[in-house]
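Have a look, and then we'll go through it question by question.

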Amino acid sequence: MVAPMTAGVGTHHPLPPTYLYDSFRIAIESYNITNNPLPVYMSFQYSAALVTLADIDNEVLVKFYTKFLDIEPNPYIPNTYAEFQLPGLRIGIFKPKDSHKAEFANRAKTGMSLCLEVSDIETAIARIWALGYPPAGEIIKASHGLEIYAFDPAGNRIILHQSHDNLE
């Protein structure tokens, strides 16, 4: 009889996939998110994070973010993928495959926002306004500084934020 092995982060689990699936399913079904911590074998590691946006309209988002951020995407594969390297964040813009376009056809607003910390909110507003996407409202005085909301060509919300540290 082979004793079950636990798989920690970065370890290889030698048991067949059906055993892994059954163990995982049982662990998930018995897991109570409000009372129990995740088991150690459910941990994982990650090395980076990026926000990705679907560009279904012939590189409209790639062109918009190139002009708005005033940087060229790198890497850039025309009509496939563009990536913008920002301080602390990468934005990836991809063209969905034809078989997946339906997933992105409904552009209903979501809770996701791209928040950009700016040194001068007025300059950022002028730039996005010049691109044809003026913010919908007024500058809001929040407890953490100033902010205003705008939307990119695909309807993704952009929050331009200027912290108290950058206010005169």
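Helices (H or I, at least four residues) and strands (E, at least two) are DSSP runs, numbered from the N terminus. Residues are numbered from 1 along each chain as its sequence is written, and side-chain values use heavy atoms, without hydrogens or water. The model is predicted: local features need pLDDT of at least 70 and side-chain atom pairs 80 or more, while totals for chains, interfaces and linings use all residues.

Q: What is the order of the open sheet of four strands?
A: Start with β7 (residues 145–151) and β8 (residues 157–163), an antiparallel pair joined over seven bridges; strands pair if DSSP finds at least two bridges between them. In that pair, leucine 146 faces glutamine 162 of β8. The sheet mixes its pairing senses, and its order is β5-β8-β7-β6.

Q: How many degrees does the twist average from one strand to the next?
A: The sheet ends at its edge strands, β5 (113–117) and β6 (140–142), each pairing on one side only. With angles taken from 0 to 180 degrees between N-to-C directions of lines fitted to C-alpha atoms, the average twist from strand to strand is 30 degrees.

Q: What volume does the largest cavity have?
A: A cavity is a set of points on a 1 Å grid where a 1.4 Å probe fits but cannot get out, and lining residues have an atom within 4 Å of a point. A search of the whole structure gives one cavity of 30 Å³ or more, and β3 (81–86) and β4 (89–94) each put at least two residues into the lining of the largest one. Its volume, the space filled by probe spheres set on the points, is about 50 Å³.

Q: How many of the residues of α2 are buried?
A: Buried means under 20% relative accessible area, exposed over 50%, partly exposed in between (1.4 Å probe). Across the 168 residues of the chain, 28% are buried. The buried part of α2 includes Leu61, Phe64 and Phe68. The helix is mostly covered, and of its ten residues the buried ones number seven.

Q: Is aspartate 70 buried or exposed?
A: Aspartate 70 follows α2 and sits in the loop between α2 and β2. Its phi is near 60 degrees, a positive value in a non-glycine residue. Most residues other than glycine have a negative phi. At 57% relative accessible area, aspartate 70 is exposed.

Q: What is omega for the bond that joins asparagine 74 and proline 75?
A: Proline 75 also lies in the loop between α2 and β2 (76–77). The peptide bond from asparagine 74 to proline 75 is cis, with omega at about 5 degrees.

Q: What relative accessibility does asparagine 79 have?
A: Asparagine 79 lies in the loop between β2 and β3 and has a positive phi of about 60 degrees without being a glycine. Asparagine 79 counts as partly exposed because its relative accessibility is 41%.

Terms used. 1 Å grid on protein atoms, 1.4 Å probe; cavity = no way out; pocket = protein on both sides within 12 Å on 5 of 7 lines; lining within 4 Å.
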